[in-house]
Amino acid sequence: LADEVDLTFHPEWQRELISLFTAFLTQIYPTSCCKNIQVIMSTHSPLLLGDIPQSNVIYLKYSSNDRITTVDDEKHLGTFGQNVYLLFKDSFFLEHGTMGEFAHNKIKECIDNLQKLEEEVDVAVKNNTMERCKGKFRESLQTYAQCAQLVAEPIIKKKLSLLIEEIEEKMEPAKRNDFSELSDERLEEQLELLQQERNRRRNDKNSHI
């Protein structure tokens, strides 16, 4: 019995543990004299669990209402060779995703604030009060842009950047299609960006066919 066998181990050690452990067992318990050995481990490591077949896994789940720990009989996605993120979500009952709570809350707050800012910009455009409100809008937008730059996950970062760009375009609608004052070099850059965006949209459409 090895309780919390991965405790204090570096992730790379956790990844190698089952391989090393099984090799070690055959040395101290040779099959010539020990044909039946049962090893029981408990773990909170998805890296270790990914080396264990599903049929050899027992899930334990704590009930906060009854204050007891019971065997979880629900169907799971499988463990052996499984994606580590799916193991986190499925085998370790991470119902709210695998992102840290602090980062999750900050990103959600940033998105909510950007959506509110976009609504305020729409009202200012409708009421022709943009020039009066633009300074305040830009200050807020700069704060949310700094938050977006901190995000490492590329899809979330891209979505935040696109939302910020949309708000900027609403604040400066005349500049969206005004290329007359651009230099030839800058115009080429804009043309390349437009071409990349068109290709991206074509790829998105093809991926859904």
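What share of the contacts in the protein with a separation of 6 or more comes from residues 24 or more positions apart? The share is 59%, where contact means heavy atoms within 4.5 Å. The model is a predicted one, in which local features need pLDDT of at least 70 and side-chain atom pairs count only at pLDDT 80 or more, while totals for chains, interfaces and linings use all residues. Residues are numbered from 1 along each chain as its sequence is written, and side-chain values use heavy atoms, with hydrogens and water left out.

The protein has seven helices and two strands, these being DSSP runs numbered from the N terminus (helices H or I, at least four residues; strands E, at least two). Along the sequence, the elements follow the pattern α-α-β-β-α-α-α-α-α. Of the 209 residues in the protein, 22% are buried; buried stands for under 20% relative accessible area, exposed for over 50%, and partly exposed for values in between, with a 1.4 Å probe and protein chains only.

The axes of helix 4 (residues 101–126) and helix 6 (residues 154–171) come within 10 Å and cross at roughly 15°. Helix 4 is therefore roughly parallel to helix 6. For these values, axes are lines fitted to C-alpha atoms, for helices over the stretch in contact, and angles run from 0 to 180 degrees between N-to-C directions. Angles under 35 degrees count as roughly parallel, over 145 as roughly antiparallel, 65 to 115 as roughly perpendicular, and the rest as oblique. The crossing of helix 4 and helix 6 is left-handed, a term for a near helix turned anticlockwise from the far one by less than a right angle, with clockwise giving right-handed. On the helix 4 side, the residues in this contact include Ile107, Ile111, Leu114 and Glu118, and helix 6 brings, among others, Ile156, Leu160, Leu163 and Glu166. The residues of the contact of helix 4 with helix 6 divide into 13 nonpolar, one polar and four charged. Here Ala, Val, Leu, Ile, Met, Phe, Trp, Tyr, Cys and Pro count as nonpolar, Asp, Glu, Lys and Arg as charged, and the others, Gly among them, as polar.

Helix 4 also packs with helix 5, at an angle of about 165° and with the axes 10 Å apart, which means that helix 4 is roughly antiparallel to helix 5. This crossing, too, is left-handed. Among the residues making the contact are Lys106, Asn113, Leu117 and Ala124 of helix 4, together with Phe137, Ser140 and Tyr144 of helix 5. The residues of the contact of helix 4 with helix 5 comprise 11 nonpolar, two polar and two charged.

Helix 5 and helix 6 complete this set of pairings, with an angle of about 170° and axes 10 Å apart. That makes helix 5 roughly antiparallel to helix 6. Their contact includes Lys134, Arg138, Leu141 and Ala145 of helix 5 and Lys157, Ile164, Ile167 and Glu168 of helix 6. By class, the residues of the contact of helix 5 with helix 6 are 11 nonpolar, one polar and five charged.

The largest nonpolar core has 19 residues, and those with the most contacts inside it are Leu114, Leu117, Val121, Phe137, Leu141, Ile167 and Met171. A nonpolar core is a set of buried Ala, Val, Leu, Ile, Met, Phe, Trp, Tyr and Cys residues joined through side-chain atoms within 4.5 Å. Helix 4, helix 5 (130–150) and helix 6 are the elements that give two or more residues to this core, and helix 5 gives the most, with seven. Phe137 touches Leu117, Glu120, Val121, Ala124, Met130 and Met171, leaving aside residues up to four places away in sequence. Apart from this core lies another, of 10 residues, including Ala2, Val5, Leu48 and Leu87.

Most residues other than glycine have a negative phi. Glu4, in the segment before helix 1 (11–28), has a positive phi of about 50° and is partly exposed, with a relative accessible area of 24%. Asn128, in the loop between helix 4 and helix 5, has a positive phi of about 60° and counts as exposed at 72% relative accessibility.

Leu77 lies in the loop between strand 2 (68–71) and helix 3 (84–91) and is exposed, with a relative accessible area of 55%. The C-alpha atoms of Leu77 and Leu87, 10 residues apart along the chain, are separated by 8.1 Å.
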